[in-house]
Amino acid sequence: MKHTISVLVENHFGAFDRVATMFSGKGFNIKSISVGETEISEVSRMTIVTDGDDQIIDQVVKQLNRLVDTIKVVDLSETYHVERELALISVGMHKGSMEELKNICDIFRGNIVDITIKSMMIEITGPPDKIDAAVNVLAPFGIKEMARTGIVALRRGEQVKIQKKENVT
Amino acid sequence: MKTPEKLMAGADIFFECLRREKVEYIFGYPGGAVLKLYEHLYDVDFLKHILVRHEQGAVHAAEGYAKASGKPGVVLVTSGPGATNTVTGIADAYMDSVPIVVFTGQVPSHLIGNDAFQEADIIGITRPITKHNFLVRDIKELASTIRKAFYIACTGRPGPVVVDLPKDVINSYCEFVYPEDVEIRGYKPNYKGHVNQIKKAAEVIAAAKKPLLYVGGGVIMSGGFRELSLFAHENKLPVTMTLQGLGAFPGTDELSLGMLGMHGTYWANQAVNNCDVLVSLGARFDDRVTGKVETFATNAYKIHVDIDPTCIDKNVVVDLPIVGDVKHILAEMASEISKSPDTGEWWAQINSWKDECPLVYEDKDGRLRTEYIIEKLSEKTKGEAVIVTDVGQHQMWTAQYFKYNYPRTNLTSGGLGTMGFSVPAAIGASFAVKDKQIISISGDGGFQMNIQELITASAYSVPVIFIIINNSFLGMVRQWQELFHAEKFSFTDLSKSNPDFVKVGEAFGIESYSTDNPKEVESLLDKALAVKNKPVLLEFKVVKEDMVFPMVPSGGSISEMMVKRLNPKRMT
Ligand SMILES: Cc1ncc(C[n+]2csc(CCOP(=O)(O)OP(=O)(O)O)c2C)c(N)n1
């Protein structure tokens with residue numbers, strides 16, 4: 001089963017590599033991974049989409065927690081949460097197809113961000129299945145290039161609180 | 001601007017931090033990137049540097065020191081090849097949860113990534129085999145990083161930590177501020193254990209008919225020897241140990257069933273198979289213990305006590321997990337338990353398994369066998385020596401026949417199974433333990449894997465007895481070849497290509513003896529045990545074709561256990 005896991009890590013040199021190394025070393029799957037800043041400057045949030053049965057996901061969460069740079073791990077799949085992804089899709093275009101592409105773009109509430117005589121680049125944001133749907137509809141026009149960010153996600157309502165720094169001895 | 005007098009050199013900060021961590025020994029080897037540190041080390045008098053002959057030896061020595069003492073082992077090596085030579089040792093320490101801190105030199109910061117002379121990305125290389133690692137990028141972070149490195153290595157589930165030190169960082173100056181407290185918000189080992197879970201465990205054990213304690217190295221690391229002994233004795237609980245667990249409970253105790261697993265005793269494995277409550281204490285359900293997991297202790301209610309949450313439900317799904325320090329939890333369980341379980345019938349059953357299939361070996365034909373040597377060694381030292389084994393048949397025979405009576409007296413490479421561990425680890429242990437005899441036991445194969453450290457032993461006059469069990473074969477591999485690989489003894493016969501071990505010992509300045517006669521074993525052991533303040537080497541030429549039994553084939557279930565060989569063929 002697919003799980004979206006949110007990981008708060010210290011914004012340290014190599015923290016991302018540690019997570020990636022752990023996944024490959026333990027043979028866990030990464031379907032997508034995204035990293036970015038949070039409201040606290042020295043903390044990054046990684047959003048990882050992985051899959052596996054309960055025992056594997058249990059291990060993924062524990063192994064993530066075991067990393068020294070990891071501050072907090074939450075399996076969002078067990079909570080109400082919002083998932084978003086952004087895609088840039090460059091599709092082939094000829095004179096006759098411009099209107100149709102614009103319509104599709106509107107339906108998906110996308111933006112046209114670049115255009116040439118032969119192609120159009122569309123930006124779409126939304127839950128990953130919306131992007132999948134857009135990709136399906138755009139495929140017949142010929143997708144020249146595509147870039148997807150991978151999912152970012154946050155728990156609804158109360159957010160995952162970052163622990164205050166405290167001393168341990 | 002601060003006046004330079006107020007500033008301290010990186011190298012001085014380094015040693016001042018080690019002094020505050022109460023480091024007594026560094027095992028190391030110099031080179032370009034750490035020359036500054038060695039320059040300052042020259043005048044340091046509060047710790048001793050032990051010069052090894054290969055960086056792998058330094059790491060195993062640090063492991064031996066750490067395992068024998070419970071204190072962290074410290075290694076200092078140069079960049080590039082010096083650093084990469086430590087990799088096997090670090091992986092070994094990671095698998096066996098040994099607290100060591102490895103300081104590696106690194107090329108100057110501005111050259112990192114340039115394929116500079118003797119550059120290796122040791123942080124990248126060791127990431128999956130360290131508990132944590134650090135690249136110190138700023139002299140201001142040096143002291144706090146060293147503090148964190150020791151803290152991480154020694155707390156929770158212990159493990160190796162690498163600290164990479166670029167040359168320019170060590171060569172610069174800064175004000176020295178020693179952080180009294182360590183602040184790592186993502187790292188807070190849980191020692192206490194959940195109260196209700198502990199209560200529940202005590203209830204389950206009290207109601208058990210056929211309980212069994214399955215004890216791993218965690219009990220030794222936590223210092224829970226006394227607590228385990230009290231808990232087992234109060235409740236008459238049978239105790240079986242993993243390879244790393246040997247020494248956590250006295251091998252001569254009537255409640256000890258010896259080792260379990262692939263080469264465990266018949267009765268220990270039967271007990272695992274038939275118990276109704278299995279209490280795992282600081283063990284991790286390794287595949288060498290469980291064999292086929294689907295058939296491992298299938299009917300038992302499983303309680304798993306471990307400090308590392310990732311160990312729980314990793315290989316075997318358990319009924320009652322307790323995360324915390326096993327010493328603490330044993331004491332709590334002992335006070336919670338309302339009544340001792342009635343284990344009379346269970347013990348009768350266990351004893352009948354013991355009679356059915358005792359540990360025996362051929363001792364009538366006058367040929368020298370490892371089991372006999374180990375038995376004699378166990379008797380003569382009363383199980384009080386520190387025994388450092390290598391990897392292979394001799395390791396398993398030692399585990400079966402040496403009766404370890406104290407924690408931290410059994411030092412061996414379990415998880416990684418690193419040949420070449422014993423010689424340097426025994427040297428390292430000799431600096432930690434002064435009141436017990438240190439004995440290294442290796443096969444003729446593994447002995448040659450860090451043979452260069454013999455000169456370290458003689459240079460520092462370490463009181464170690466180096467025993468070589470010479471069966472002229474890579475014995476354990478030979479055993480698998482005979483049993484599972486059509487008797488194709490492919491590249492395991494060393495009989496025509498072994499060195500003369502007595503001459504080797506002598507060339508390294510070590511008094512050395514050899515025999516193939518069982519009648520001479522006792523006198524040679526006595527002679528070696530009488531040697532003080534210097535190493536001595538004993539070669540025992542043993543039967544070539546012997547195999548270690550009982551044996552549960554890899555991935556097999558305990559019911560497939562082979563207890564003895566069917567048609568022994570004599571090899572010449
Ligand atoms: C570094 C390393 N290389 C290879 C092996 C595989 N291996 C396991 S046991 C063994 C044979 C060991 O032979 P020896 O040291 O003579 O000991 P014996 O089994 O004969 O007691 C080998 C080659 C290993 N464990 N470690």
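**Close-up views of a predicted two-chain model**

**View 1. Chain A, from end to end.** Starting at the N terminus, the elements of chain A follow the order β-α-β-β-α-β-β-α-β-β-α-β-β. That comes to four helices and nine strands; helices here are DSSP runs of H or I with at least four residues, strands are runs of E with at least two, and both are numbered from the N terminus. This is a predicted model, where local features need pLDDT of at least 70, side-chain atom pairs count only at pLDDT 80 or more, and totals for chains, interfaces and linings use all residues. Residues are numbered from 1 along each chain as its sequence is written, chains are lettered from A and ligands numbered from 1 in the order in which they are written, and side-chain values use heavy atoms, with hydrogens and water left out. Along the principal axes, the C-alpha atoms of chain A fill a box of roughly 70 × 35 × 30 Å.

**View 2. An open sheet in chain B.** Six strands line up as S3-S2-S4-S5-S7-S6 in chain B, with parallel pairing; two strands pair if DSSP finds at least two bridges between them. Strand S3 (48-51) and strand S6 (132-135) of chain B are the edges, each pairing on one side only. On average, neighbouring strands of this sheet are turned by 20° against each other, direction ignored. Look inside the sheet and you'll find S5 (residues 100-106) and S7 (residues 160-166) of chain B paired in the parallel sense over seven bridges. Phe103(B) stands opposite Val163(B) in S7(B).

**View 3. Helix H3 of chain B and its neighbours.** H3 (residues 55-69) of chain B lies across strand S2 (25-28), strand S4 (73-77) and S5 of chain B, and runs at about 165° to S4(B). Axes are lines fitted to C-alpha atoms, for helices over the stretch in contact, and angles run from 0 to 180 degrees between N-to-C directions. The axes of H3(B) and H18 (residues 422-432) of chain B come within 6 Å and cross at roughly 45°. The two helices are therefore oblique to each other, as angles under 35 degrees count as roughly parallel, over 145 as roughly antiparallel, 65 to 115 as roughly perpendicular and the rest as oblique. Contact (heavy atoms within 4.5 Å) involves residues including Gly57(B), His60(B) and Tyr65(B) of H3(B), along with Pro424(B) and Phe431(B) of H18(B).

**View 4. Helices H12 and H15 of chain B.** The axes of H12 (residues 266-274) and H15 (residues 344-356) of chain B come within 8 Å and cross at roughly 140°. That makes H12(B) oblique to H15(B). Among the residues that meet here are Tyr266(B) and Trp267(B) in H12(B), and Trp346(B) and Trp353(B) in H15(B).

View 5. Most residues other than glycine have a negative phi, and most peptide bonds are trans. Lys236(B) isn't a glycine, yet has a positive phi of about 50°; look for Lys236(B) in the loop between helix H11 (225-235) and strand S10 (239-241) of chain B. Phe549(B) and Pro550(B) are joined by a cis peptide bond, with omega about 0°. Pro550(B) turns up in the segment after strand S20 (536-541) of chain B.
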